[in-house]
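Please read the following note with the structure open beside it.

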Amino acid sequence: MIKLTIDGKTTEAPEGMTILQAAKLLDIKIPTLCYHPLIEPFAACRVCVVESKTEQGEELVPSCQTPCQDGMVVNTHNEHVLKARRFILDMMLARWPNVPILKKYAEEAGLQAPRFSSALKDERQDACILCGLCVKACNDVVGASAISFAQRGLERHVATPFDVASEDCIACGACALVCPTSHIKFEVEDHKGKPPEFLLGPNTAIYVPTLQSVPRVPVIDKESCIYFKTEGCQKCVEACEPHAINHKMEDEVVEIDVGQVLVATGFDAFDPTPMTQYGYGRLDNVYTGLDIERMLNATGPTAGRVLLKNGKPPRAVGILHCIGSRDENYHRYCSRVCCMFALKFSHLIKERTQGEVYNFYIDIRAFGKGYEEFYSRVLHEGANVIRGKVAEIVQAGWSKSDEGTLLIRCEDTLIGRFREIPVDMVVLCNAIEPRRDADQIGRLFGLSRSPDGFFLERHPKLDPVATTTDGLFVAGCAQGPKDIPDTVAQASAAAARMLATIAKGAVEIDPVRAEIDEQYCSGCRICNALCPYKAIDYIEEKNVSRVNSPLCKGCGTCVAACPAGAITGSGFTDKQVYAELEGVLSV
Amino acid sequence: MDTNSKNFEPRIVGFLCNWCSYTGADLAGTSRMKSAPNLRIIRLMCSGRVDPSFILRAYQLGADGVLVLGCHPGDCHYQEGNYKALRRVLLLKRILREFGIDERRLRLEWVSAAEGEKFAKVSNEFTEEVRALGPLRLETSVLLQTQGEELATQEVAA
């Protein structure tokens with residue numbers, strides 16, 4: 001450990017640490033322009049110079065690059081240092097007089113009136129000060145090498161080769177991240193119809209999805225991560241003390257033998273974009289239930305405040321029920337959860353803004369424990385409810401101050417009139433629908449689906465967790481729209497059923513099974529090939545086939561195929577079926 | 001049994017598989033859908049259990065039409081039983097021609113457990129088709145005796 005003194009305070013620093021870093025440990029701030037923690041210091045701007053007294057002598061050194069020496073005495077803002085800084089900043093301000101960070105450092109250094117003027121004066125606040133951080137980031141850290149300094153002297157500027165759009169740029173945003181004057185901006189071009197504030201996700205390629213994730217560990221977005229494009233960066237690996245990050249991890253395909261499967265693959269949220277009359281994706285401030293849920297969340301884009309795109313709170317919010325549900329054109333079923341979350345939003349929006357809330361409903365379905373009481377409460381709090389579907393949402397700002405107002409045109413069936421209600425924000429309660437790949441999952445497991453596309457339970461009333469296949473269970477919204485208490489109940493039921501089977505230690509087989517009368521069997525083996533469960537073995541010595549009872553599922557395919565009639569399917573023998581036919585055709 | 005073409009009520013036998021078509025028929029029932037009462041249902045575990053002799057026996061016992069309903073291809077509860085049913089029915093249709101039985105009196109359809117509506121539709125449509133074809137009227141010599149009584153195809157005790 002090295003002992004040194006900075007501004008009269010002594011400290012210890014490990015070998016290799018720079019003066020700038022050591023000063024940081026002491027909470028001493030030294031101004032920098034071309035320094036960034038992610039980039040190897042290159043001491044270009046010289047603003048960070050400090051006076052260093054060692055055995056070699058006294059001199060001004062760049063603190064960002066100079067390593068600490070044992071016994072060094074450093075002064076970060078005596079007159080010697082400040083004079084040097086003022087000179088540098090004076091020259092820079094001559095060319096870039098309005099850049100905030102330059103003005104701030106100039107003030108701290110005591111620069112009164114700039115002395116110099118420049119023919120290249122750039123009055124912008126976000127002018128490029130040629131610090132070179134972006135170039136270093138792109139070349140050294142990212143490895144894309146899309147930008148560098150072009151030309152020399154007065155013409156020197158940061159550019160792509162020949163000033164044309166670069167093919168090497170991987171749009172990682174590293175240049176924008178390190179730029180001290182915000183000269184480089186990183187913007188999303190194609191919003192894909194979603195409100196842009198919800199499109200901008202995490203700021204980094206490695207991120208923790210939400211603060212409520214389980215497990216709460218970061219994930220790497222392979223599409224944005226620089227390493228996967230250039231094999232550069234890997235700053236996260238450097239930063240991770242337990243060395244828990246490994247970019248080379250591959251997907252593993254693991255085969256597990258199981259006896260039972262629970263399918264709980266969830267749902268998809270209905271996308272209301274095709275319902276052009278509601279303007280989702282076209283008009284500002286029209287959101288789905290899930291968008292608003294994110295906005296209201298304390299970890300969301302607005303930290304839980306209810307805000308319009310222009311940053312102001314809405315004066316009135318319209319909540320449209322049954323978007324995509326109870327609809328002949330989309331889904332005829334009711335999505336079950338939307339009335340309650342609409343009331344929740346009504347309550348929260350009224351609480352957080354002072355605006356009006358209008359619910360446009362067909363029925364209010366408050367079916368659960370405490371639900372109706374909550375509905376009464378929300379009504380008492382002043383939420384408006386209008387019974388009628390909304391025909392369309394139009395933009396209707398008559399004056400500049402009203403710009404962005406949305407007009408909800410609806411029918412109020414209880415008073416028998418059409419109404420037009422101006423609001424600032426619209427929430428669409430979009431339906432719960434089966435997952436896009438539900439048919440593939442169904443085929444994989446042999447799961448049937450009901451007409452609405454959700455997986456079919458064995459019995460709608462008496463067996464909502466099992467399916468017609470033994471050992472295969474469904475739970476949650478994969479089986480049908482439901483809220484959290486019902487999902488928990490169903491999942492617990494399914495788990496209990498599965499545990500019961502395991503605990504029993506033995507599996508009960510249906511008595512419906514095939515049996516081969518070896519006396520009649522000719523050993524033709526037609527049945528062997530037909531059996532879908534490969535449950536029929538051929539006994540060489542006797543030249544007959546035999547059914548392996550535990551494997552036989554009793555489908556009867558072999559019974560019908562046997563040319564000798566040697567197989568009986570218990571419960572469905574030929575004689576039994578003939579008797580049924582006689583009975584049924586006797587009237 | 002009235003064989004007058006105006007009031008002729010066809011006798012249809014249906015072989016339904018337990019998992020899909022029978023459940024679908026049950027759904028049609030619980031949904032209170034109207035389907036023709038002419039259909040007499042025989043439940044089997046799988047459409048692959050349907051032996052061609054069942055179908056022929058049905059005609060011999062007086063059925064005017066036979067309906068075989070199974071799971072959709074790819075969805076058979078026992079993997080492939082419905083494909084076997086398909087092969088057998090297609091072959092049987094050709095043989096029926098040799099017996100002088102109109103092959104339109106045998107029909108194979110796929111009805112899943114959720115398709116109550118389809119079951120009702122198929123059942124009604126087939127009943128009407130067979131009604132239009134008229135009674136089967138097989139030769140008395142090939143008809144089967146049941147419990148010692150002769151099954152008459154002509155007269156009916158009014």
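Which residue is the bridge partner of A:V317 in β19(A)?

1. The bridge partner of A:V317 is A:M425. The strands β13 (residues 316–323) and β19 (residues 425–430) of chain A pair in the parallel sense over 5 bridges. Two strands pair if DSSP finds at least two bridges between them; strands (E, at least two residues) and helices (H or I, at least four) are DSSP runs numbered from the N terminus.

2. This is a predicted model, in which local features need pLDDT of at least 70, side-chain atom pairs count only at pLDDT 80 or more, and totals for chains, interfaces and linings use all residues. Residues are numbered from 1 along each chain as its sequence is written, while chains are lettered from A and ligands numbered from 1 in the order in which they are written.

3. In chain A, 5 strands in the order β12-β19-β13-β14-β15 form an open sheet with parallel pairing. Its edge strands, β12 (286–288) and β15 (384–387), each pair on one side only.

4. Between the chains, 30 residues of chain B are in contact with 28 residues of chain A (C-beta atoms, placed from the backbone, within 7 Å). On chain B, β2 (39–44), α2 (52–60) and α3 (81–99) each supply at least two residues of the side that touches chain A.

5. Helix α16 (residues 574–584) of chain A packs with α2(B) at about 25 degrees, their axes 10 Å apart. Axes are lines fitted to C-alpha atoms, for helices over the stretch in contact, and angles run from 0 to 180 degrees between N-to-C directions. The two helices are therefore roughly parallel (angles under 35 degrees). A:V577, A:Y578 and A:L581 meet B:F54, B:R57 and B:A58 in this contact.

Technical notes:
Two residues are in contact if their C-beta atoms, placed from the backbone, lie within 7 Å. Angles under 35 degrees count as roughly parallel, over 145 as roughly antiparallel, 65 to 115 as roughly perpendicular and the rest as oblique.
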